[in-house]
Amino acid sequence: MNVLLLLALILFILMALVGGKKGIKSFIALFLNFLVLIVTVLIMNDPNTNPVLLTLVACVFIGAISLFYINDINNKTTLAFIATIFTTLLLLLFIFFITEKSMIYGFSEEESDGLTIFSVYIGIDFVKIAASGIIMGTIGAIVDTAISITSPMREIHQHNPGITRKDLFMSGIRIGRDILNTSSNTLFFAFFGGYLGLLIWFKDLEYSFGEIVNSKVLNGELISILTAGMGVAIVIPIASAITAHHLVGIKDKKK
Amino acid sequence: MKRKFQKKYLIYIFVLIAFISSIIFVNNNYEFYDRTIVQITETDELERTEIVDQYDNKDVTVTQQITAVIKNGADKGQTMEIENQYSESQAIHFHLKEGTEFFLANDGISVGDIKRDQYLILVIWLFVLILLFVGKKQGALSVLSLAVNAIILSIALDIYIHNSDISLLIICGISIIFFTVLSLVMVSGLHEKTYTAILATFLGTATSLAIAFLAFFFTGEQGLRYEEMSLLSRHPQVIFMAGLLIGSLGAVMDVAITMSSSMFELYEKNNKINSDVLKKSGLEIGKDIMGTMTNILFFAYVSGSIPNLLLYFKNESPIGFTLTTNLSIELARALAGGIGIVLTIPITLYISIYFIKRKQAKQ
């Protein structure tokens, strides 16, 4: 039996046992997100499409699946969804800028040794592909942080209907600060784990510090990690502001 | 009050000075490098050829003449000319532009690494500043705990490189104890909820690793394409397992502390809370986070494979072959991490209830 199938089966059983109906839905959502990713990459094959725009569309789908499908459409998921899209757009500009400037796109010298049997003249803009990859790596964490903020903010508003917009916003920020550390940890360890081989490789081949900090692979990885961390931080004020603005009507606006 | 105010400003000034001086440094650190650095002053396109590869992909190869000035070493200030060839897709070689700085390759006449340190430091600073601005004290703690964890990892890897007889798994296992205790204490201080989360993290990580081991054992690792792990200097299997262990740790810690702090908060609000009620609320929280948490790991792992997937597809590799060779390792990591996340939910639930019951009995 294929190990991936077995692991997927174990995950499915555990999610169903622990989470019941919602667990099963979460598993299906994971699968659907995987499909969205694959379909996006398949469409990117057409050199006439813009990979960055495609990624944005994919993010809309991923956000909708992760939020609306698992939790139904209600104001906390809608607000989290809007915050996610907004943050992704904002981050995208920065990612595109830094990817182009620091030239972290394409395959690195180290990787390309293993790719000699392939034709690399494939007519796809690798700057955009790299930016798309970075955005995709971040989207899961942004969605998670967004819903972790809008959901308790709605609870707070329900328990204190008279709360001012500013107070509600500040409680959103406080909730965000509490989860900032654990969310960034989640991302960082995921990347550490994924690139453990690379780190050992650098040490084994005795790369000098100067070579490491200027290499394409390390810069690519670090820039992805750090932009993902920025995304998790930026979504906090965005989600808090959108939620506070939506839940507390204009007439209660007291600053 | 006034003192606190001043202290705050001192910190701001300190951060600002560190920021400005490090930016100035990386933009003028040429002499610290042994390799020759040049800066492009002019580029001229010499030739442009449209090409079609054997799979009908259209691309354009361009040859450019680059004039560059040497920035360090004995020949500092002299100009030189280099030819650079790239394809418009820029899969391997770059379209170089005026102002770009790069290292000369070892042959002294071709383009080596791009000088990227000034952008890396800019991104690091931006990250630190955003975290400080949004998170204030918690943001500072996040940055600090990331730095500490990176140092621990680096030390652990050094120990591994120099003592190859010690298994990487054991070294990572020991580092995990440090990672977990330090990160969780930094997040929520010395409190019972922290101890609960630490214990739950250990149990959750160990159980999920055991399950992954068993799954690998019973399937004979069929379907795992270790040979596709790029950049390896060691036995891939060990690196894969160690990466699995560390990779899911952050997510497991996140689940453990989120659940234990909410459950202890319920207890603090109502000291006599019934354990059935606790169990039910804890499970609700767990259900809420399991979907998004597994998503984080999934996207963090799989997104890195996008360029490779495209390269394979464009070289007319069959879709099944492309997916299995490029994604098997990443998917196995994401799935095993997901198992860890889901298992940690009931583990944290029962450990929290155990501690809370003990506190209730003491009253």
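## Chain A: fold and extent

Along its sequence, chain A reads α-α-α-α-α-α-α-α-α. The tally is 9 helices and 0 strands. This is a predicted model. Taken along the principal axes, the C-alpha atoms of chain A fill a box of roughly 65 × 45 × 40 Å.

Chain A splits into domain 1, residues 1–45, and domain 2, residues 51–252. Their C-alpha centres lie 21 Å apart. Each side brings residues to the contact: 11 from domain 1 of chain A and 11 from domain 2 of chain A. On the domain 1 side, the touching residues divide into 6 nonpolar, 3 polar and 2 charged.

## Chain A: annotated transmembrane regions

An unreviewed UniProt entry lists "transmembrane region" for chain A at residues 28–45, 52–71, 77–98, 179–202 and 222–248. Two of these stretches can be set against the model. Residues 28–45 of chain A are 94% helix and 0% strand. The end C-alpha atoms of that stretch are 26 Å apart. Residues 222–248 of chain A are 96% helix, again with 0% strand. Here the end C-alpha atoms are 39 Å apart.

## The interface between chains A and B

The contact between the chains involves 99 residues of chain A and 108 residues of chain B. Helix H1 of chain A, residues 3–44, supplies the largest share of the chain A side, with 20 residues. By type, the chain A side divides into 58 nonpolar, 31 polar and 10 charged residues.

## Chain B: domains and annotated regions

Chain B also has two domains: domain 1 spans 33–115 and domain 2 spans 167–362. The centres of these domains, taken over C-alpha atoms, are 44 Å apart.

For chain B, the unreviewed UniProt entry places "transmembrane region" at residues 9–26, 118–134, 141–161, 167–190, 197–218, 238–257, 296–314 and 334–356. Residues 9–26 of chain B are 100% helix and 0% strand in the model, with end C-alpha atoms 26 Å apart. Residues 167–190 of chain B are 88% helix and 0% strand. The end C-alpha atoms of this second stretch are 32 Å apart.

Strand S1 of chain B covers residues 37–52 and strand S2 covers residues 58–70; they pair antiparallel over 13 bridges. Within this pairing, Glu42(B) stands opposite Thr67(B) in S2(B). The two strands form a hairpin with 5 residues between them. Asp56(B) in this hairpin takes a positive phi near 70°.

S1(B) also pairs with S4(B), in the antiparallel sense, over 3 bridges. Ile37(B) faces Phe103(B) in S4(B). S4(B), residues 101–104, is in turn joined by 2 bridges to S5(B), residues 111–114, and these strands run antiparallel. Leu104(B) stands opposite Val111(B) in S5(B). S4(B) and S5(B) make a hairpin too, with 6 residues between them. Gly108(B), in the turn, has a positive phi of about 80°.

## Chain B: the bend in helix H6

Helix H6 of chain B runs over residues 275–302, 28 residues in total. From first C-alpha to last, H6(B) reaches 40 Å, close to the 40 Å expected at 1.5 Å a residue. Where does H6(B) bend? The bend is at Met290(B), by about 35°.

Methods. Residues are numbered from 1 along each chain as its sequence is written. Chains are lettered from A and ligands numbered from 1 in the order in which they are written. This is a predicted model: local features need pLDDT of at least 70, side-chain atom pairs count only at pLDDT 80 or more; totals for chains, interfaces and linings use all residues. Domain bounds come from an automatic or database domain assignment. Two strands pair if DSSP finds at least two bridges between them. Helices (H or I, at least four residues) and strands (E, at least two) are DSSP runs, numbered from the N terminus. Two residues are in contact if their C-beta atoms, placed from the backbone, lie within 7 Å. Ala, Val, Leu, Ile, Met, Phe, Trp, Tyr, Cys and Pro count as nonpolar, Asp, Glu, Lys and Arg as charged, and the others, Gly among them, as polar. UniProt positions are given in the numbering used here, feature names are shortened, and annotations may be inferred rather than shown by experiment. The expected span of a helix is 1.5 Å times one less than its number of residues. The bend at a residue is the angle between axes fitted to the seven residues ending there and the seven starting there.
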